Amino acid sequence: MDLAELLTKMIWLPILCGLIVCLLALLRSKWTASAGLFAVIGEAVLLLELLSSLKSGGRWLFSSSTPLISLLGVTWSLSLDGFGLMMVILSVVATSVAAIWEVREESPRPGVLAGLLVSEGALIGAILSTDLLIFYLFWELMLIPMFFMIGLYGGANRFRAAITFVIYTVVGSSFMLAAIMTLALAHGREFGALSTSLFELSKLTSLSSSEQLLIFAGLAVGFLVKTPLFPLHSWLPLAYEEAPTSGAIVMASVMGKIGLLGYSRFVWGLVPGMAGQYASALLWCAAIGSIYAALVAWSERKIIRVVAFSSLSHVNICALGVLASPTLALAGSIFQMLSHGLVIAVALMLCQVMKARFGITERGQSAGLASHVPWFSVLFMLMILLSVALPPSSSFVGEFVIFTGLFKSFPWHVVTVLLSVILGAVYMLSLGREVLFGEPRSEIVSRDLSAIELLLMLPLVLFAVWLGVRPGGILSLLGYFTN
Amino acid sequence: MGFFGSAFPVIILIPLCGAILSFLCRYARKRLAGPIATASAVLAFFTALEMYSAGAVLHWRSDWINIGKLVVPFSFTLDSLSTVMCLIITGVGSLIHIFSIGYMEEDSGIHRFFAYLNLFLAAMLVLVLGDSLPVVFIGWEGVGLCSYLLIGFWFTNSDYAKAGQKAFVMNRIGDLGFLFAIMVLFWATGSVEISGILSSLSSLQTPALTMMLAAAGLLLAATGKSAQIPLFTWLPDAMAGPTPVSALIHAATMVTAGIYLLARMHPILDAAPDIQDLTLIIAVLTALVAGVTALFQFDIKKVLAYSTVSQLGLMFMAVGVGAYQAAMFHVVTHAFFKACLFLSAGSVILGTHHEQDMRRMGGLLRSMPFTGISFAVAALALAGIFPFAGYYSKHQILEAVHSSGLKCCGETVYYLGLGVAVLTGAYSARAFCMTFLGKYRGHAHAHEAPPIMVVPVVVLAVLSVIGGWLLHQTLSSYLAPILGGVEVEKEGLITILAGSAPGIIGILIGAFLLSSVSRPSSESSLKTSLRDFAFSAFCFDRFYNCCVVEPLRRTSNLLSVVFERWIIGGAVSGLAAVTQMSGEFLRISSTGSIPTYVGGIIVGVAVLMLLFTGS
């Protein structure tokens with residue numbers, strides 16, 4: 001199969017299936033779960049086909065472009081680089097896990113399933129598009145299913161959470177749209193035709209410095225709100241808390257990282273001067289953010305909020321390499337994003353098991369789960385160890401490459417971030433101690449993880465460990481960025 | 001070179017497989033875990049012997065992280081230094097495994113225990129065999145993990161779990177120093193392999209700064225793992241773990257990893273005189289503080305724990321004056337006698353039905369003769385009395401300090417070192433007398449341990465007697481290629497007497513103190529508060545709690561409750577409320593036609609653009 005065709009299919013298959021699931025749900029059909037699983041399996045097959053037909057080369061493993069709206073210079077252009085490939089893999093893995101997690105429930109909610117599938121298509125579309133307008137459309141499309149998943153199926157505060165999430169990201173992306181239009185107009189001015197293609201726009205030479213600043217600010221705000229970079233993060237804990245677990249998995253594992261992908265691809269690709277100029281300031285945001293989030297996580301009472309702030313802390317560490325410059329640290333960041341995506345998915349699933357089955361949502365009282373549920377405890381402990389970046393896990397490799405890569409140009413930033421590594425151990429181990437250790441509480445008599453839950457989580461954990469032991473294959477795909 | 005020598009990382013794989021098999025015993029018979037794990041430890045010991053007799057320097061490399069300039073191979077190297085460490089780890093490790101079969105017999109988590117113990121051996125071997133620093137770091141963190149898991153082994157007790165967490169976090173602080181040193185050395189030399197780093201040290205651009213930063217990082221790492229000031233407070237708490245764990249991890253092997261690391265990277269330390277001086281100061285302070293504290297403890301394991309900290313301080317003193325082989329020699333002898341002391345203490349604890357307070361012991365020599373005599377022998381070795389093992393190594397260290405030109409604080413350091421030796425004698429004598437002499441003050445029916453526990457203790461006791469004499473010349477020449485040689489002076493009667501004198505004085509002081517303690521006398525409040533101060537290790541813990549932990553905790557609370565919850569949470573709720581209200585208001589304007597919406601968006605964006613370009 002032609003690669004362009006294959007990638008196009010990867011974008012539309014889940015979106016179509018998502019719509020079909022919606023339709024079936026409206027018809028009150030009992031086939032919704034099957035349709036959802038069909039999409040999951042189909043997408044996995046497509047991913048395998050993609051992996052088998054890739055050839056490594058320069059930066060772009062693949063690139064294609066066909067004109068779409070010639071008047072506006074919009075093209076349907078799909079490209080894949082190492083970063084994109086990682087994110088595609090992560091999207092497929094995370095959405096599949098989330099979808100199966102949803103189907104596993106006694107009464108799966110078709111709306112959530114549909115939402116997951118549509119957001120999967122939108123994610124992959126955004127990852128692959130190198131035309132800014134198309135990218136923007138997919139970027140906005142990601143928002144819609146997430147809004148409905150939180151707003152319709154969330155917890156008690158779902159309305160507030162959904163609105164906050166939407167306001168933050170919509171404000172961010174309107175800045176982004178402004179930047180894109182400025183770019184397109186500048187292209188028209190310089191070359192006589194509008195264009196929104198990344199490769200066309202990167203040829204621009206006539207941007208004034210104020211235009212560059214506008215473009216930089218617009219794009220950066222749009223991307224970094226989604227990531228979220230400290231201090232643009234206040235939508236995040238609420239969204240984690242209220243979203244249904246499967247939605248939260250997709251949001252935490254992949255969605256935020258698309259912001260970083262966009263930053264690395266578009267900001268560094270179009271206005272590298274500005275990105276370089278503001279790198280140090282933004283790096284301070286990320287460095288302080290990682291410490292700030294770790295400190296907050298230490299005192300949070302609700303377990304899900306601990307996980308949310310731990311994720312915020314780690315994502316800010318991921319952001320370091322992206323914000324710094326396209327070098328060694330970027331490769332580390334990409335690796336770390338993959339690793340964090342796997343670990344946070346497991347953490348969210350464990351949180352839900354704790355809430356739904358053991359009735360534990362708050363910290364503070366020793367639960368002594370290790371005496372009750374051995375498999376759960378083993379997985380929880382492994383999740384903690386992955387989260388504190390114990391070598392040779394994938395998170396260690398990721399962090400090590402990021403820190404080492406940054407150390408020469410930004411030693412003080414690195415030393416600051418290292419402090420968050422201590423705090424990471426503090427809050428994670430405290431959480432583990434309170435959940436797992438202590439006198440067993442007699443009122444918690446519950447069954448351990450089911451086979452399907454183990455089959456969902458254990459492979460993710462083992463994959464993360466394996467990635468840490470043998471990171472060579474993935475790192476070789478990212479080698480381009482270090483040149 | 002035999003089968004084991006040709007693919008020598010096999011020595012790491014043996015205990016790793018042992019760990020997995022032991023854990024799987026959960027599904028067969030849990031009691032099988034002990035023999036399986038012990039067999040793998042013994043097998044690893046024979047592999048180490050094979051490697052020793054092969055006597056060659058071996059390298060083994062494979063790819064790990066390889067991206068751009070950063071090349072981190074999975075590489076191991078075997079030279080005389082790592083051979084010595086391997087022999088200690090697997091040898092003492094095997095004896096402790098055998099002891100544990102008896103000690104842990106009744107425990108329902110025995111499979112977990114042996115799995116962690118074997119995992120520890122594997123991690124420790126990675127630490128000493130690793131050639132690229134990140135691989136050493138794998139072992140470094142791996143032993144930390146096992147220590148965490150084993151300190152909190154009886155996890156239903158929250159305090160034990162807390163002690164494990166404290167150990168992990170304090171070590172984490174040290175680990176950052178390790179990472180920092182790796183990064184400094186990578187950017188200075190372009191390599192993360194020890195061999196590569198050490199060979200390119202001479203061609204550095206800014207040698208003084210690089211060496212100082214790297215040495216400082218390594219020193220921080222070593223103070224964490226080897227429990228020195230400022231990071232030593234986790235080790236006494238770590239006694240929450242089962243006693244064999246204290247013997248293996250918190251006395252014989254893991255805590256010496258810091259000394260190993262500094263010895264391994266010694267050219268860097270040699271080139272950073274400031275950091276060497278700092279090492280010396282830290283070492284002297286730690287040895288004194290811990291020695292005094294040990295004198296005031298009543299928990300038999302706490303005495304041994306503080307004694308370990310103090311002895312590690314002595315080894316650091318040797319490192320501080322550049323006498324690395326003396327430090328390694330003390331690592332070896334200390335492994336023998338301190339493991340022996342801990343295991344005997346374990347037998348005592350088990351024999352008196354889980355009593356750890358020495359005030360409720362006494363007179364146990366009659367009911368536990370083997371254990372008692374072994375303890376006495378090891379205590380004499382610890383005190384540094386000729387001809388026991390500790391005499392030789394301690395003497396070497398003090399001689400090295402004496403003849404080092406005393407760059408730091410003049411003669412003071414030497415005399416303080418002698419003071420540490422006196423303290424050692426004092427607390428050893430006190431512990432022995434309180435436990436084994438006098439009248440039994442407890443209520444349990446004390447009994448001797450079963451043979452499976454007695455035999456390892458006796459073997460270690462024999463090693464504590466002859467170990468120093470056997471090794472005092474061979475070890476330094478064996479390690480000379482790596483650490484540089486020193487002259488070992490001939491033993492005359494005068495030196496022997498002079499070398500043993502501090503220990504003997506200490507023992508007398510200890511006995512005297514004990515007799516004065518047994519007489520309850522009216523004490524001034526100053527005396528009591530001084531004693532409390534010494535009992536609580538000079539209040540380091542309290543100091544850290546109120547100066548570091550509490551402020552951080554407060555900040556954390558402030559950020560999470562006040563900042564995140566009230567301010568940001570309030571603002572967000574306000575925003576949501578306003579949106580909702582304006583939504584009600586704007587419902588009038590929602591026409592439902594898509595062109596209106598699109599138009600709205602375009603107008604909005606245009607306004608934004610105007611705002612931007614206008615500014």
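Okay, let me start with one residue, His354 of chain B: it's exposed, at a relative accessible area of 61%. Keep in mind throughout that this is a predicted model. You'll find His354(B) in the loop of chain B that runs between helix H16 (324–351) and helix H17 (364–367).

There's another one like that in chain B. Ala537(B) also isn't a glycine, and its phi is positive at about 55°. Its loop sits between helix H23 (525–535) and helix H24 (540–586) of chain B. Is Ala537(B) buried or exposed? Buried, because its relative accessibility is 4% and the cut-off for buried is under 20%. His354(B), as I said, is exposed.

While we're on backbone geometry, two cis peptide bonds. In chain A, the bond from Phe230(A) to Pro231(A) is cis, omega near 5°. Pro231(A) belongs to the loop joining helix H8 (209–226) and helix H9 (236–242) of chain A. In chain B, the bond from Phe386(B) to Pro387(B) is cis as well, with omega near 0°. That proline, Pro387(B), is in the loop between helix H18 (369–383) and helix H19 (389–402) of chain B.

Now let me zoom out to chain B as a whole. It has 25 helices and 2 strands. Of its 615 residues, 57% are buried. And if you take the contacts in chain B with a separation of 6 or more, 81% of them are between residues 24 or more positions apart.

A couple of buried threonines in chain B, then. Thr47(B) is in helix H3, residues 33–54, and it counts as buried at 0% relative accessibility. Where does its side chain go? The side chain of Thr47(B) reaches the backbone oxygen of Leu43(B), at 2.7 Å.

The other is Thr253(B), which is in a loop, between helix H11 (243–252) and helix H12 (257–264) of chain B. Thr253(B) is buried too, at 1% relative accessibility. What's around it, if you skip the neighbours within four places in sequence? Thr253(B) is in contact with Ile88(B), Ile89(B), Phe120(B), Met124(B) and Leu248(B).

Over to chain A, and a serine. Ser313(A) is in helix H12 of that chain, residues 303–324. Its relative accessible area is 2%, so Ser313(A) is buried. Leaving out residues up to four places away in sequence, Ser313(A) touches Ser290(A), Ala293(A), Ala294(A) and Tyr427(A). For a sense of scale, Ser313(A) and Phe159(A) are 154 residues apart in sequence and 26 Å apart in space, C-alpha to C-alpha.

Next, the nonpolar core. The largest one has 409 residues, and the members that touch the most others are Leu50(A), Tyr263(A) and Phe376(A). Which element gives the most to this core? Helix H13 of chain A, residues 328–358, with 21 residues. The contact takes 60 residues from chain B and 73 residues from chain A. Between chain B and chain A, the buried area is about 5,900 Å², with carbon and sulfur atoms giving 76% of it. How many salt bridges does the rule find across the interface of chain B and chain A? It finds 0. Residue pairs in polar contact between chain B and chain A come to 12, both residues being at pLDDT 80 or more.

On the side of chain B that touches chain A, the elements giving two or more residues include strand S1 (58–67), strand S2 (70–78) and helix H25 (594–614) of chain B. H24(B) gives the most to that side, with 19 residues. By class, the side of chain B that touches chain A has 37 nonpolar, 15 polar and 8 charged residues.

That's my tour, so over to you.

Notes. Residues numbered from 1 in each chain as written. Chains lettered and ligands numbered in written order. Predicted model: local features only at pLDDT ≥ 70, side-chain atom pairs only at ≥ 80, totals over all residues. Heavy atoms only, no water. Helix = DSSP H or I, 4+ residues; strand = E, 2+ residues; numbered from the N terminus. Buried < 20%, exposed > 50% of the residue type's maximum accessible area, 1.4 Å probe, protein only. Contact = heavy atoms within 4.5 Å. Buried area = accessible area lost by both parts, 1.4 Å probe. Salt bridge = Lys/Arg side-chain N within 4 Å of Asp/Glu carboxyl O. Polar contact = N/O pair within 3.5 Å; in protein donor to acceptor, adjacent residues only side chain to side chain. Nonpolar A, V, L, I, M, F, W, Y, C, P; charged D, E, K, R; others polar. Core = buried A, V, L, I, M, F, W, Y, C linked by side-chain atoms within 4.5 Å.
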